[in-house]
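Trainee: I am new to this structure. Please show me how to read it.

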Amino acid sequence: MVKARVATRIKEAVNGKKSTNRSIDLVALTQRYNVMKKKINRLATALHKHHSLIKEMSNSRLNVAAQITDLTEGSPLHSCGGSLEDNSKSYSTIHQNLSKKINGYSDKYQQFVVEYVMEWDKVISTRINSGLRTTDTLRRDLDHYQRKVEELHIQVNKSLAKGKMVEDKTKEKLKRNEEKYAKAKESYNKAARDMCMLLEETVDRGWKDLHPILVKMAQFDMTLAGEESKSLAEMDAVVTALKALASNNDIKAAGRLKEISSQEVSVLCTGTNDVPSIGNGEEASTQWGQASVYGESGYSLPPGSVAPQGMGGFPVQVQEEEIGPRQTPIPMASATLVSQISSTPMSTSDMLNVASNSAPAPTLEQIDSVADRGSSQLVLSNNPFDSDADAPIAPAPFAPPPPPPADSPANVNLIASISRGTAQGFSQPNRSRSTNPFDPPTGGTGRDPPTNPFAL
């Protein structure tokens, strides 16, 4: 049983004197071992954190891929961005497969690297700490017997100085303690020597214990980088598909955030140009049946109604005026005729034909004759073109008169005059002008070209 040597410990603590039997080499190596142990602890902490970050990075990539899948659902980007089908090569599936491989390698990293360092620290700490405690116990025994032998020598010297004989009991006690002192010194010296050798091997040649995990760390980094490179090389197909999608949809590399922040909606919008009316729908049921407000043939409205008045309203019937005793009823055109007229735009030639074949303006004599017949009821003005204020204004004709025959003199003269105007440099109106409201303005691109912030 190892003795506690409480008295020796108390004296060392009270007096503050260090034992003279301590091995100087053992003290120096112990200090170096403590420094190395701190380094091993820092390495274990760093490896554990690195392993956690590898797992966290893998989970972070997987989370990003999941959000891409959720955001691209139902859009053209889903096939190359967020699809999770087994046979698809999308951004999300590539990262999903890579995450599975990284998780497998990280588990091996935990087993062969992190746990090895922890075991290394545990092994050397257990043995060295135990050896240091044993050596310290042997050193206290040596100090104890050294103190007892010194005290007995002082007692014997005092007796001899007084001329007295040394008692046999004192001689026996001195001899017994000297033997114990010599044995304790031998035991401590052997333990201190062995401990110095162990510390020197652990500290100076500890690189041999670091070598196995350094190999495994290099193998792990190489394997992981290879798997990442192999898996992420499949992103080339994803990039190609995304570039094709951008080319087909006029998507710039710099994005369109600048346009969204300031550009007009009519220029910014890239969707369909068909804008339905706001209200009760595109078709409205009226007392005349179905009236198609917006159609390919233009407006189709019944007689006595007007066009929709903003915000998708229905046609409204206009109340007819009562016919006076001197007025003649004006026949109304049918809805079909109105639709046909409105759906057929008149060209310049048609308008010139109408002007050349229309009735001439009335002369003053004709106007005076009419005024004489109704002088009792009409009040003439100085302007021969003023109409009766009480009489209703006749509406414009619903259709132009038929054009004259091709061989008529008026038509021949009209064609000749148009030809002479063309020969003198008068250009025909441009009929191919675009009516698309989403075309860029004339003379400009319509959008500012994006700038690449990474260009040299």
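Mentor: We will go through a helix, a ring pair and a loop residue. This is a predicted model: local features need pLDDT of at least 70, side-chain atom pairs count only at pLDDT 80 or more, and totals for chains, interfaces and linings use all residues. Residues are numbered from 1 along each chain as its sequence is written, and side-chain values use heavy atoms, without hydrogens and water.

Trainee: What span should helix H4 have?

Mentor: Helices are DSSP runs (H or I, at least four residues), numbered from the N terminus. The expected span is 1.5 Å times one less than the number of residues. H4 covers residues 91-161, so its 71 residues should span 105 Å. Its end C-alpha atoms are 101 Å apart, which agrees.

Trainee: Where does H4 bend?

Mentor: At Gln110, by about 35 degrees. The bend is the angle between axes fitted to the seven residues ending there and the seven starting there. After H4 comes Gly163, with a positive phi near 80 degrees.

Trainee: How is a pair of aromatic rings described?

Mentor: By the distance of the centres and the angle of the planes. Rings of Phe, Tyr and Trp (its six-membered ring) pair if their centres lie within 6.5 Å; planes under 30 degrees apart are stacked, over 60 edge-to-face, the rest tilted. The structure holds one aromatic pair. Tyr109 and Phe220 are tilted, 4.4 Å centre to centre, with 40 degrees between the planes. Tyr109 is in H4 and Phe220 in H6 (residues 207-232), 111 residues apart.

Trainee: Is Ser90 buried or exposed?

Mentor: Buried means under 20% relative accessible area, exposed over 50%, partly exposed in between (1.4 Å probe, protein chains only). Ser90 has 0%, so it is buried. Ser90 lies in the loop between H3 (78-82) and H4.

Definitions and conventions. Helix = DSSP H or I, 4+ residues; strand = E, 2+ residues; numbered from the N terminus.
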